[in-house]
Amino acid sequence: MKKVPEISRADYDTILLHAEKISNGQHDFAPVLRRELRDKLNIANAGSLIADLVKNKNVEFLNRVRLFLSRFPFVVVVEEGEHYQLVKRGNTRRLG
């Protein structure tokens, strides 16, 4: 069985921060976000999503990134050692 990626809460917040900066027009963060999604969450097709989101301004970028992330299984590990799995629409479910 394929192991679900685990990231820290700080890494998850950083990913969303970079998405927010892109949504505010700072498109130089697009390669950074693409690399983070690929390296930390093993999301290979993030590049085409980010290019599409940067080009099309009809929907808020940050919300679309959150929706995109909700399609992939990964676990956010918070500082207290608790594990949360991200479920649809950015909501979390405590594991264990």
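**Helix packing in a predicted model**

Reader: Is the crossing of α1 and α2 left-handed or right-handed?
Author: Happy to start there, and do keep in mind that this model is predicted. The two helices to look for are α1, residues 9-23, and α2, residues 30-41. Their crossing is left-handed.

Reader: How do the directions of α1 and α2 compare, roughly parallel or roughly antiparallel?
Author: Their axes come within 9 Å and cross at roughly 155 degrees. Angles over 145 degrees count as roughly antiparallel. Therefore α1 is, relative to α2, roughly antiparallel.

Reader: How many residues of the contact of α1 with α2 are charged?
Author: Let's look at both sides. On α1 the contact is made by Asp11, Thr14, Ile15, His18, Ala19 and Ile22, and on α2 by Ala30, Val32, Leu33, Glu36, Leu37, Lys40 and Leu41. Of these residues, eight are nonpolar and two polar, while the charged ones number three.

Reader: Is Asn45 buried, exposed or partly exposed?
Author: Asn45 sits in the loop between α2 and α3. Leaving aside neighbours within four places in sequence, Asn45 is in contact with Phe68 and Phe72. Buried would need a relative accessible area under 20%, and exposed one over 50%. The relative accessible area of Asn45 is 43%, so this residue is partly exposed.

Reader: What pattern does the protein chain follow along the sequence?
Author: Good one to finish on! The protein chain has 96 residues, 33% of which count as buried. It contains four helices and four strands. Read along the sequence, their pattern is β-α-α-α-α-β-β-β.

Key
Residues are numbered from 1 along each chain as its sequence is written. This is a predicted model: local features need pLDDT of at least 70, side-chain atom pairs count only at pLDDT 80 or more; totals for chains, interfaces and linings use all residues. Side-chain values use heavy atoms; hydrogens and water are left out. Axes are lines fitted to C-alpha atoms, for helices over the stretch in contact, and angles run from 0 to 180 degrees between N-to-C directions. Angles under 35 degrees count as roughly parallel, over 145 as roughly antiparallel, 65 to 115 as roughly perpendicular and the rest as oblique. A crossing is left-handed if the near helix is turned anticlockwise from the far one by less than a right angle, and right-handed if clockwise. Contact means heavy atoms within 4.5 Å. Ala, Val, Leu, Ile, Met, Phe, Trp, Tyr, Cys and Pro count as nonpolar, Asp, Glu, Lys and Arg as charged, and the others, Gly among them, as polar. Buried means under 20% relative accessible area, exposed over 50%, partly exposed in between (1.4 Å probe, protein chains only).
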